Amino acid sequence: MARLAVDAGHDVVLSNSRGPETLADLVAELGPRARATSGAEAAANGDLVLVSIPLLGYPSLPAASFVGKTVLDTGNYYPQRDGRIEALDSGSLTDSEYLAHHLPGARVVKVFNNIFYKHLQNLARPASAADRTYLPIAGDSAEAKLSVVDFLDSIGYGAVDAGPHIDGWRQQSGTAVYGAPYGEFENEKGTPANAAVIRAALAAATRM
């Protein structure tokens, strides 16, 4: 994501749990538009803040730095990694509602969680391309979703509105839109998926 954003002319601030010094090589590779800092500073300074960590790390997020921010939620609940979370197991919360619970005051939008990272890198296309790929987004704030749509467009993707957070389960792991529309992982170039393909996959989703 950082590479796509830098290539599109965005400034990128990176953070991880190990400290900014561990990101020095990546920052150097990305060039002058990228820098690394603490999680709190990265969240406070970002126009859009992308959270891509295991769900068990949500309680450690500096919640105060996220207030008023549009947060891009890439997360997926994997019990074998995250442990059992009753609210997610029961379906009383979607993945993004669970993140929003830990970030009160933020405007969370589910996006990027359903596509393999190598496909994300390789399927970017300009808006005029006939084979442009689309990604589903879900969230409760129309304004936040518009910001995410604009960002997706800038990095080479279209967006399909999957509805509010309560409908975000349609793009969670195990659904028809999770991974499959973009091809097999072994094919790193990926398969373009237009808006109709993504809408059909969302419509085909069923809850266990």
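Phenylalanine 116 counts as buried, at 19% relative accessibility, in what is a predicted model. That value sits under the 20% cut-off for buried residues.

**The phenylalanine pair**

- Phenylalanine 116 pairs with phenylalanine 185 in a stacked arrangement, with 4.3 Å centre to centre and 20 degrees between the planes.
- This pair links distant parts of the chain, 69 residues apart.
- Phenylalanine 116 lies in the loop between strand 5 (107-110) and helix 7 (117-122), while phenylalanine 185 belongs to the loop between strand 7 (158-161) and helix 9 (195-203).
- Phenylalanine 185 is partly exposed, its relative accessible area being 48%.
- Phe116 and Phe185 also share one aromatic cluster with Tyr117.

**The tyrosine pair**

- Tyrosine 58 and tyrosine 98 have ring centres 5.9 Å apart and planes at 35 degrees, so this pair is tilted.
- Tyrosine 58 sits in the loop between strand 3 (48-51) and strand 4 (70-73), and tyrosine 98 in helix 6 (residues 95-102), so the pair ties together parts that are 40 residues apart in sequence.

**Burial of the tyrosines**

- How buried is tyrosine 58? Its relative accessible area is 1%.
- Tyrosine 98 is buried as well, with a relative accessible area of 14%.

Technical notes. Residues are numbered from 1 along each chain as its sequence is written. This is a predicted model: local features need pLDDT of at least 70, side-chain atom pairs count only at pLDDT 80 or more; totals for chains, interfaces and linings use all residues. Side-chain values use heavy atoms; hydrogens and water are left out. Rings of Phe, Tyr and Trp (its six-membered ring) pair if their centres lie within 6.5 Å; planes under 30 degrees apart count as stacked, over 60 as edge-to-face and the rest as tilted. Helices (H or I, at least four residues) and strands (E, at least two) are DSSP runs, numbered from the N terminus. Buried means under 20% relative accessible area, exposed over 50%, partly exposed in between (1.4 Å probe, protein chains only).
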